[in-house]
Amino acid sequence: MTTEIAITAEHLTKRYDNQRALQDFSIQLPANRVIGVLGANGAGKSTLFRMITGMVQPDQGRIDIFGKKPGWETNALISYLPDRARWYKFHTVQQALEWGDGLLPGFDKKRAESLLEFMKLDPTMGVEGMSRGQEARLMLTLCMCRDVPMLILDEPFAGIDLISRERIIGALIDNLSERQQTVLVSTHEIQEAESLFDYAVFMDEGQALLHGDVEMLRAERGSMESIYRHLYQ
């Protein structure tokens, strides 16, 4: 049985001034899996995600998304939550949904409304008055409600409260039970999030230190948290 490949990266290199973000990075990532992209700040995770979306071009090497070069055609297949996403402060939650419904390919408004209820977000609430956790739940709602083949979440749990993290993980689990998607998640909250992953990539200094099926990695090396501690201690 062959495994469909979602992402193929070959010898990717990217530098910002004198800082190396990716260095001869090569990998194939399977489709329809939940892939944890793990590593410390500066490991190259965000740069990799931006290359997948076509926002950043490699200095060297190539990357394919479902067999195609990143661009407008592949962007319609991807729902991307960047690590520093923000909405206009004058939006209400309902206006944010209307914005998404009008502009984002594959936007499922009924799914978005269901997610708002699950996330305990009032549609009349203004974005300007939100806590960081509420804002994170809104951003994730707009990202997860799209019916597209790939979902990319860059540090969706960073700096938010425990209750919000629990709701986000619960929404992700519920979302994955309803549709087939390739999901990439970068996070430092490994202990809480590792139950989501069935494939993992450990990155450091722009390279892939280790990657593979999570069950196989656990059988060989222990939990994702213990592998993380061993690799980065």
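Visitor: Which residues are buried in helix 9?

Guide: Keep in mind that this is a predicted model. In helix 9, the buried residues are Met224, Ile227 and Tyr228. Viewed down the axis of helix 9, these residues fall within an arc of 100 degrees, so they line one face of the helix.

Visitor: What do the buried residues of helix 9 pack against?

Guide: Their partners are strand 3 (34–38), helix 7 (190–193), strand 8 (199–204), strand 9 (207–213) and helix 8 (214–221).

Visitor: Which residues are exposed on the other side of helix 9?

Guide: Arg229 and His230 are exposed there. Arg229 belongs to helix 9, which spans residues 224–232. Exposed is the label for a relative accessible area over 50%, and Arg229 has 56%, so the label applies.

Visitor: How far apart are the C-alpha atoms of Arg229 and Asn41?

Guide: They are separated by 15 Å, while the two residues are 188 residues apart along the chain.

Visitor: Now to helix 3. Which of its residues are buried?

Guide: Val93, Ala96, Leu97 and Gly100 are the buried residues of helix 3. Down the axis of helix 3, they fall within an arc of 100 degrees, so here too the reading is that they line one face of the helix. The face turned away from that buried side carries Gly102 and Leu103, which are exposed. The buried residues of helix 3 pack against helix 4 and helix 5 (132–144).

Visitor: How are two packed helices described?

Guide: The description uses the angle between their axes and the distance between the axes. For helix 3 (residues 93–103) and helix 4 (residues 109–118), the angle is about 155 degrees and the axes are 10 Å apart. Angles over 145 degrees count as roughly antiparallel, and therefore helix 3 is roughly antiparallel to helix 4. Their crossing is right-handed.

Visitor: Which residues make the contact of helix 3 with helix 4?

Guide: Helix 3 contributes Val93, Gln94, Leu97, Glu98 and Asp101, and helix 4 contributes Lys109, Ala112, Glu113 and Leu116. By class, the residues of this contact divide into four nonpolar, one polar and four charged.

Visitor: At what angle do helix 4 and helix 5 pack?

Guide: The angle is about 150 degrees, with the axes 9 Å apart. Helix 4 and helix 5 are therefore roughly antiparallel to each other. The crossing of this pair is right-handed.

Visitor: Which residues meet between helix 4 and helix 5?

Guide: Ala112, Leu115 and Leu116 in helix 4 meet Leu138, Thr141 and Met144 in helix 5. The residues of this contact divide into five nonpolar, one polar and no charged.

Visitor: Let us end with a loop residue. Is His91 buried or exposed?

Guide: His91 sits in the loop between strand 5 (78–81) and helix 3. Buried means under 20% relative accessible area; His91 has 12%, so it is buried.

Visitor: Which residues does His91 touch, not counting residues up to four places away in sequence?

Guide: With those set aside, His91 touches Ala96, Trp99, Met125, Gly126 and Val127.

How values were computed
Residues numbered from 1 in each chain as written. Predicted model: local features only at pLDDT ≥ 70, side-chain atom pairs only at ≥ 80, totals over all residues. Heavy atoms only, no water. Axes fitted to C-alpha atoms, helices over the stretch in contact; angles between N-to-C directions. Helix = DSSP H or I, 4+ residues; strand = E, 2+ residues; numbered from the N terminus. Parallel < 35°, antiparallel > 145°, perpendicular 65-115°, else oblique. Left-handed = near helix turned anticlockwise from the far one by under 90°. Contact = heavy atoms within 4.5 Å. Nonpolar A, V, L, I, M, F, W, Y, C, P; charged D, E, K, R; others polar. Buried < 20%, exposed > 50% of the residue type's maximum accessible area, 1.4 Å probe, protein only. Arc of directions from axis to C-beta.
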